[in-house]
Every structure is written in C-alpha cells, then in structure tokens.
Amino acid sequence: MTAAATTYNTQASVPVTARSHAQVSRLFGELPVVAPGVVPVTEWRPSVAGLPHRMTADLYAGVASVGQGRL
C-alpha cells in the first residue's frame, strides 16, 4: 500500500496517506463505531441485489455514532 500511495501521490494533486487498520481505528478516538466496525470498504456493502461481492480492498472504513448535540 505504501508503494501504491507513493506512486499515486506523484501523479495526483490531492495526496493520500496509507494507514493500517489500527491507525484508522484510532482516528475514531472514543466515539462508538457502528457495526460492522472498521473493516475493508467492501465489507460495508458485501452484496448488491443479493449477489455476493467478490472484490477485496486494502482500504479501511468505519462510521461512528455521534450523540445528539455533540460535534
């Protein structure tokens, strides 16, 4: 991933930063993470129209729940 990010950054106007699962998880701090948690992006929508999603990804994503009135 580091090599891919480096290559991308030499050609893109907006750089990316490769982060491990642990690094992405720490970005949420103490916010409660919504299921399925911090997972590869393809696990957020594992199937479309009932068909299994067979792609893999080296990108992690998560969604945290922020209480009403908190930002």
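Author: Of the 71 residues in the chain, 11% are buried, where buried means under 20% relative accessible area, exposed means over 50%, and partly exposed lies in between, with a 1.4 Å probe and protein chains only. This is a predicted model, in which local features need pLDDT of at least 70 and side-chain atom pairs count only at pLDDT 80 or more, while totals for chains, interfaces and linings use all residues. Residues are numbered from 1 along each chain as its sequence is written, and side-chain values use heavy atoms, with hydrogens and water left out.

The chain has two helices and four strands, which run α-α-β-β-β-β from the N terminus on; these elements are DSSP runs numbered from the N terminus, helices being H or I with at least four residues and strands E with at least two. The chain exposes about 5800 Å², and carbon and sulfur atoms supply 57% of that area, as given by the Shrake-Rupley method with a 1.4 Å probe, where for residues only the protein chains shown count as cover.

The largest pocket holds about 210 Å³ of space, a volume being the space filled by probe spheres set on grid points that are joined across faces, edges and corners. A pocket here is an open set of points on a 1 Å grid over the protein atoms alone, where a 1.4 Å probe fits and protein lies on both sides within 12 Å along at least five of seven lines; lining residues have an atom within 4 Å of a point. The lining of the largest pocket comprises 13 residues, and M1, T17, A18, R19 and L59 are those nearest its centre. Helix α1 gives the most to this lining, with three residues.

M1 sits in the segment before α1, which covers 2–11, and M1 counts as partly exposed because its relative accessible area is 48%. T17 belongs to the loop between α1 and α2, the latter covering 21–27, and T17 is exposed because its relative accessibility is 56%. Although 16 residues separate T17 and M1 in sequence, their C-alpha atoms are 9.4 Å apart in space.
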